[in-house]
Amino acid sequence: MSRVAIFAATWVNVLGPLVGLAVIFTLFAAIGPPGFSSAANLETIARQTAIVGVAALGMTLIMILGGIDLSVGSVVALTTVVIAWLLQEAQTSALLAALGGIAAGVLCGLVSGTLITRLNVVPFIVTLGMMLVVRGIAKALANEQKIDAPLTWLKELLASLPPERRAMLLPPGVWLVIVLALVVAGLLRYTRLGRHIFAIGSNEQTARLCGVPVQRVKVVTYTLGGLFFGLAGLMLFSRLTVGDPTAAVGLELDVIAAVVIGGGSLAGGEGSVLGSLVGALIMSVIRSGCSQMGLSNWVQELVTGAVIVVAVALDRLRHRRLT
C-alpha cells in the first residue's frame with residue numbers, strides 16, 4: 001500500500017470519531033430541547049465524561065498493547081472505598097486518602113500485569129478473575145455497606161462551578177483529565193515506552209525479536225492502567241462522597257466502548273488518546289440528549305450499542321481495504 005493511502009487512512013481514523021461526535025451533537029441540538037446546547041449542559045456533559053474519559057486513558061494504553069482489562073469497574077469501586085475508609089476510619093487528610101485510593105488502583109494493575117506475564121495467561125481470563133477478587137475485597141473492606149466520609153475538598157473535583165469560579169470554565173477534575181490526556185499522548189508519541197507499546201500490540205513476536213522487553217512493558221502498561229483506573233475512582237468518589245463497593249458495575253464496558261468508538265482496535269496496535277476521549281464524549285452526548293428528550297434508558301442503550309456496532313464495522317471495513 002502506498003504511503004499516501006496509509007496517510008489518508010490514518011487521518012480518516014483520527015477525524016472519523018470527531019465527525020461522528022459533531023453529527024450526533026448537531027442531531028440532538030436540532031431535535032432536542034433548547035437547553036441541550038446550553039453552556040450549563042455542556043459543562044454537565046464534560047463532568048459526566050470525566051470518569052469514563054480518565055479510565056479510557058489507561059484502557060487505551062492496554063488495548064494498544066493488545067490486551068484488555070475487565071476489572072475497571074471493580075478497581076474504581078475499591079478506590080472509592082479505600083478513600084472513604086482512610087477519611088473516616090484512619091482520619092487521614094484528604095490528600096493522603098486520595099493518594100491511598102490511587103495507590104490501590106496501581107497495586108491492582110501491577111498484580112494483573114504480573115499475573116498475565118508470569119502465568120502466561122490471556123488478559124481476558126486474568127482480569128475477569130481480578131474483577132471478582134477486587135470487588136470482593138472492596139465489599140470486605142466496607143463490610144458490604146457504604147462508608148460515609150466527611151466532606152472535604154475532594155467533592156469539588158467534579159462539582160458544578162460556583163459563580164465566583166466561573167472563570168475556570170470547567171471543574172478541576174475535567175482540567176485534570178485534559179492534562180493527563182496530553183501526558184499520555186506525549187508518552188505514546190515521543191517516548192520509548194510508547195513505541196514499545198505500539199510494537200508489541202502490532203506484532204508481539206517481532207517486537208521480542210527486535211529486543212523489546214515484552215514482559216516488562218506489559219507489567220508497566222497494566223500498572224499505568226491501574227493508575228488511571230484509580231484516578232477514575234477518585235473522580236467517582238468526588239461525585240458520590242461515599243465509598244460504595246457496589247458502584248461502577250459495568251463501567252468496564254463503557255470504557256472499552258469509548259476506546260473502540262474512538263478508533264482503538266481489540267486486536268492491538270491501534271488507538272489514540274484523542275479518539276478515546278471523543279468516544280467517551282459521544283456516549284455522554286447520546287445519554288444527555290436521550291435524557292433531555294425524555295427517552296427511556298433502553299433507547300439510550302439501543303442507540304449507544306448501535307454506535308459501537310457501526311464503529312467496529314467501519315474499523316473492520318477500513319482494515320479490509322488496507323490489507
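Predicted model: local features only at pLDDT ≥ 70, side-chain atom pairs only at ≥ 80, totals over all residues.
Is Val260 buried or exposed? Its relative accessible area is 10%, and the cut-off for buried is under 20%, so Val260 counts as buried. Setting aside neighbours within four places in sequence, Val260 is in contact with Met63, Leu266, Ala311 and Val312. For a sense of distance, take Val82: Val260 is 178 residues from Val82 in sequence, and the two C-alpha atoms are 30 Å apart in space.

In soluble globular proteins, nonpolar side chains tend to be buried together. Here the largest nonpolar core has 91 residues, and Val54, Leu57 and Leu154 have the most contacts inside it. Helix 2, residues 39-64, gives the most to this core, with 14 residues. Looking at Val54 itself, and not counting residues up to four places away in sequence, the residues touched are Val177, Leu180, Phe228, Leu231, Ala232 and Met235.

Last, a pair of helices. Two packed helices are described by the angle between their axes and the distance between the axes. For helix 7, residues 192-202, and helix 9, residues 214-240, the axes come within 10 Å and cross at roughly 105 degrees. An angle of 65 to 115 degrees counts as roughly perpendicular, so that is how helix 7 lies relative to helix 9.

Which residues make the contact? From helix 7 they are Leu193, His196, Ile197 and Ile200; from helix 9 they are Val214, Val217, Lys218, Val220, Thr221 and Leu224. Sorted by class, that contact has seven nonpolar residues, two polar and one charged.

Notes:
Residues numbered from 1 in each chain as written. Heavy atoms only, no water. Axes fitted to C-alpha atoms, helices over the stretch in contact; angles between N-to-C directions. Helix = DSSP H or I, 4+ residues; strand = E, 2+ residues; numbered from the N terminus. Parallel < 35°, antiparallel > 145°, perpendicular 65-115°, else oblique. Contact = heavy atoms within 4.5 Å. Nonpolar A, V, L, I, M, F, W, Y, C, P; charged D, E, K, R; others polar. Core = buried A, V, L, I, M, F, W, Y, C linked by side-chain atoms within 4.5 Å. Buried < 20%, exposed > 50% of the residue type's maximum accessible area, 1.4 Å probe, protein only.
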